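Open the model in your viewer and keep the selection tool ready. Each stop below says what to select next and what is there.

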Amino acid sequence: MDILVIHLFNALLYASVLFLIAGGLSLIYGVMRIVNLAHGNLYAFGAYVTAWVVGQALAGAHPVVLYLLLPVGAVAAALLGAILEPTLLRPFYRRAEEYQLLVTFGLLMILEDLMRFFWGPYPLTATSLFEKMGSLAIGESVYPRYNLLVIGIGVLAAAFLWAFVYKTRFGVVLRATSQDMRRASAMGVNVNRVYIQAFTIGCFMAGLGGAIVVPGQSAVLGMGVDALVLAFVVVVVGGLGSLEGALFGALIVGIVREFGVSVFPEVELAVLYLIAVVVLLVRPAGLFGRTA
Amino acid sequence: MNLLQTTRLTKRFGETRAVDSVDFGVNEGEVLALIGSNGAGKTSLVNVVSGLLRPDSGTIVFRGEDVTGLSVHDRIRAGIARSFQLVNLFDQLTLLDNVALSIFSREDLTRQLFALADHHRAVWEEAFEILRQFGLAISATQLAGGISQGERKLLDVAIAFALRPRLLFLDEPTSGVSTREKAPIMDVITAVVRLNKITAVIIEHDMDVVFRYSDRIVAMHQGSILASGTPDEIRRNEAVTTNLLGAAHA
Amino acid sequence: MKGPVTRRDLLAKLGVTAAATLGASAAGFGVAGIARAQEKPKGTIPDKPFRIGHMTFFTGPGAVLGEPMHKGNLLAAEEINAQGGLLGKRKIEILKADEAAGLDANVKEMRRLRLSEKIDMFMGITSSGNTPALGPAAEELKLLTIFIDGCTDNLFDKAVPNPRYIFRVTNIQSADGSTCALGVAQTWPDVKKVAHIHPDYAYGRNCFEHFSIVSKKLLPKAQNVSEAWPKLFSTDFTSHITKTLGAKPDLLVTSVWGGDYISFYKQALQHGLFDKMRVATTLALGVAPHAIGKDHPEGVLAGVHANYHFSYPPGNRWPLNKTFVEKYKAKFNEYPNFQAEGAYTATHILRTAVEKANKLAGGWPDDEAIISQIEGMMIAGPGGYVYIRPDNHQGYKDAITGFSKNVPEYPFPILDPARIITIPIRNITAPPGWPKGDPTSTYTWIDQTWPTVKQA
Amino acid sequence: MSTVPLTLRARSPMKALPWAVPVIVLLFALPQTIDPYKTILLTYGLVMGIAALGFNLLLGYTGLLSFGHSAYFGVGAYTVALMFKYFHVRSMELFLLGAILASLVVSALFGFVCVRYTRIFFGILTLALSQVLWSLAFKFYGITGGTDGLRVPTPTLLGLPLDTGGDKILFLARNYYYYVLGFFVACALVMWVVVNSPFGKALQAIRDNETRAEFVGIHIRRYRFVAFLVSGVFTGIAGALWVPLNGLTTPDILYWPFSGEIVFMTVLGGFRTFSGPIFGAVVFNYLKTSAVGFTTYWQALLGAILVFLVLALPAGIVGTVVQLFPLLKKRLAR
């Protein structure tokens, strides 16, 4: 029984991280119509930065301080995004999609090595954050409190994002731009600014995903590429460009994977991709997507 | 005899009825002008008949057969072709290719994977001949992307014409070109159409053009047919003069 | 062995002993040592450098194994070059190549090293997925090769059944699972329900298979209640841990290693896994001894790839190890793992072979001469005696495992010196001439020749 | 009428000969002059060239960017491996036959699903489908050997015994090189005919203007589907030819970054030209190999090259040359 609860928690844990990654990916696509293949690396980047900063501060810093350092990775990823968008991506909005995909693919390769260059080949950990919180008793089992924190952050992020997109003025501009970039700019929206903002937020989310994951696990090379493919599944299921979709997709993937691991290990991965395929067939634009 | 006949053909966009239960007929061999102010539903009607849009209700009968449900390429096979108001060309192919493609498709040669297109001599001869009829022969080997607007309008028609359709819709063949070019273009087009005895429906704003080139005129207004008749009858038609010509000339 | 046998008998027969005496299997072999003075070489020796292509993981998570391997190679090369090089003339030159470039690229790179960089020898390789591809490639290139790891049985069972140019120095992979199982059989004979978590690739599969077959013989009552196969280099084990807990086993067997293992044990701790079951690992302390924290529970059967942990053999009884660890620590400021030991030993195997061949014929020996010297060589390395079996070119050293213990001398757990378990390697690996089998020859050998113990 | 022959002669197949013939002659001569290693690299290049040709039928001629071509390459390769594992086949011809059939089936299956979409959706769908195959190859250890992959010994060519005395290097650098070259030339020829066939014209029409293509009577999905099949089979053939070079098939060639590499090499050469992808494949192969040998940061190096390429030479190497050619002529004329 308590095991079932824990399985559920795991699913939520996985889902909330996936949501952050996929949500960012989806937001960026929704506004800019760009699929950023390097998005997974921004997630990894967030993880590395947080792990590194925490590692630096570890010497004698007060635990609370350490927890406050958690989001640093997210901020770093956002900054990186704010640099990348105008320099690398902007030249491509008027070019064919294949070029956008390729340039982000190149970016993926570069970032992968840059992280190795800065932080070396060894995994980076920030486990102290994970351990300090200890575990919570659930029936006769125990569960890491930190994981619950991650779930909490995931939920909060979703709520914030929702409020941000649907309740703020900037959200209106954002949606207007994603509906029809030309009309928006005709109405005097500074599209370039919206783009850089959207991209930065997207990267922030990815970075946050990495930042909250790293204490419980660790930052390893290649984590970005793996994450990206799953994020794809999420956005395809939920619908490219839809945040609700990303949330929903993340939940589906989280649950399917969790029970896949225990129930059908051989096809655990295949099932995820097949879900994506089936959804694309039934609803090309995803379950929540606007039909393109 | 009646080549095309629509009955109570209807197409809605939200509340607005772009085409409002229209009974529209075209007779074998005539050159028919479809007139009406912007938003009168001319293009919508053509879009529905040519298969670009699905009708909400009503039927389209072509040569005694119901084509309402047919896909675009099947309508082409059946013999309904069209040109476009905003030119639709294959910009990265040469003019020759643009036209030849219609012929290949018409002759059902496009399913040949393992034979060189260039070996179909007859096709290229015909394509070139067509280009010549449309006065485009000189630029035959240029890319369609690189020619003047006037030439593009002609090529667009030439592509449709090369299908040797039984019924050819020409959607504002002279829109977007300077008034000086209008007449020459229309001369070429109508010359070709008449020479090849093709039944044609021309959507046109310019009344002088209309009266000069058409055997019969159908006037549309707010999605339905206002009047139909010879150029003289239309000239004399009250409803038309008040609703359209005035507007058009103002 | 016939008739009903008790577990104790069988364990004794297999020579599974706590805190064993050294070099049981050394008896009767001409033993070559490592650090001894250079004798004058016979004949004229060219002084052009001896180029070794060293391919291992310099990037990616595998680098935790790759880097030490390269360092072991470097250290040995330095010692040799300090004496003027091989035969006092030929300085060793090491060309690095990254194993992480992917199999396709690795095969290409090996060819490039040989055909266009003109290397004299090839060393390295970490992943057991790579040797089955590179072994044949090396044979094709007629390239003298000592694989350090990549220790899958598959290499000499199937990929290259009759090796000519390629050798391998670290223990064959099946020894890992078997050693782990024997350790369990000796320590926790009462286990009934066994759960498994293994990385989903060659090594994990191999450990699972050999643990299973050995426990079938020694722990017939034990049954497999749960299996989980996380992707290699994934650091999220939450689901797999939960699945394991759900099965309520009294023993967890895992071959998760490196950065993966660190994430694993941290997560397992927070899930209270170690309080609910005993844990037996094949590679916990093997990869980067210093990377494991003191929070790691004590008393875990902490495998070292059945090969080497720097704390054994203890320096007072085996000076070779003492000097090796000291030199290594001084140079790289970390403790050597089995990869470092393997690469270090392999380099000295080369040196010894070259010197012996030179003694016989004089001049610089050709590959054939070197090979025939390596075949059947018994050499004392930091980890004990290594014997290179002539039939399959596989290195054999007595298998070792032990229990994690925190001691004041080190900021990380080591193998409990009082409870080291050693097993003469030849007792747990298929003997020469045993027919190649599936999944491995050792597996079929154990299956067919070991008795099943009667419950005592 | 008189001008027709003119215009047609200006674009007749013969036009390709002046550069095609010397290239082929060169390819035949090369192994005699360069060392085995370089020849083997070239063999890799030609194999990937076939894959890139197939891929480019979709990208360059039909306007569909597939990010899942690793699937068909992998299917080709794994077919070979499984044919050996379960039926002990050794004949390269049988391998190729099997690979063609298998990749035909798979691309028919995937194509049926994919051709309904274009643009980014097509890309993601193809990617997702290829990932399905990858995860199966990865997980079904018993059949595919998981990450170990499957070994395949040297095959027999045209049923002949090896005349190189078991020297694999010599075999690869001589017999196999010419074998691959043969297939390469054949494939290039076939593809050249396909893109210059009426069918090929129809594809280009679809690429340029879907709506209008429909309005000259082309059944778009059907044509896309057939293009998808041809593309898949070509890539499958490449996959099969690749196996003897590597001696082993692993899930790496099914993982999506490998699809990325195929896109990379195609764009490197230039996907608007016929020969671009071939050229790109050969160059990319040298590029990656030397990059890996040159630095452990080879990945970043390749990435930088790719970004530069897309920024500065979107037309690719061949494409750029083709564009510059007339200019050069003018220069020389003055």
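## Stop 1: a helix in chain B

Select helix 6 of chain B and find Ile185(B), Met186(B), Val188(B), Ile189(B) and Val192(B), which are buried. Buried means that 20 or more other C-beta atoms lie within 10 Å of the residue's own; exposed means 12 or fewer, partly exposed is in between, and C-beta atoms are placed from the backbone.

A word on the model: it is predicted, so local features need pLDDT of at least 70 and side-chain atom pairs count only at pLDDT 80 or more, while totals for chains, interfaces and linings use all residues. Residues are numbered from 1 along each chain as its sequence is written, and chains are lettered from A and ligands numbered from 1 in the order in which they are written.

The face turned away from the buried side of helix 6 of chain B carries the exposed residues Thr179(B), Arg180(B) and Leu195(B).

What covers the buried residues? Show helix 4 (121-133), helix 5 (149-161), strand 8 (167-171) and helix 7 (207-213) of chain B, which are among the covering elements. Helices (H or I, at least four residues) and strands (E, at least two) are DSSP runs, numbered from the N terminus.

Next, check the length. Helix 6 of chain B runs over residues 179-195, 17 residues in total, and reaches 25 Å from its first C-alpha to its last. That is close to the 24 Å expected at 1.5 Å a residue; the expected span is 1.5 Å times one less than the number of residues. After the helix comes Lys197(B), with a positive phi near 50 degrees.

## Stop 2: all of chain B

Zoom out. Chain B has nine helices and eleven strands. Its C-alpha trace spans about 55 × 40 × 35 Å along the principal axes. Of the 250 residues in chain B, 47% are buried.

The radius of gyration of chain B is 18 Å, which agrees with the value near 18 Å for a compact globule of 250 residues. This radius is taken over C-alpha atoms, and the globule rule is 2.2 Å times the number of residues to the power 0.38.

## Stop 3: chain B against chain D

The contact takes 36 residues from chain B and 29 residues from chain D. Two residues are in contact if their C-beta atoms, placed from the backbone, lie within 7 Å.

On the chain B side, select helix 2 (72-78), helix 3 (95-106) and helix 4, which each supply at least two residues. Helix 3 of chain B gives the largest share, seven residues.

## Stop 4: chain C against chain D

Move to chain C. Here 28 residues of chain C are in contact with 22 residues of chain D. On the chain C side, helix 3 (103-115), helix 4 (131-141), helix 5 (154-159) and helix 7 (202-218) each supply at least two residues. The largest share, nine residues, comes from helix 3 of chain C.

## Stop 5: two domains in chain C

Colour chain C by domain. The assignment, automatic or from a database, gives domain 1 (7-21 + 174-306 + 399-449) and domain 2 (33-171 + 316-392). Their centres, taken over C-alpha atoms, are separated by 28 Å. The contact takes 24 residues from domain 1 of chain C and 18 residues from domain 2 of chain C.
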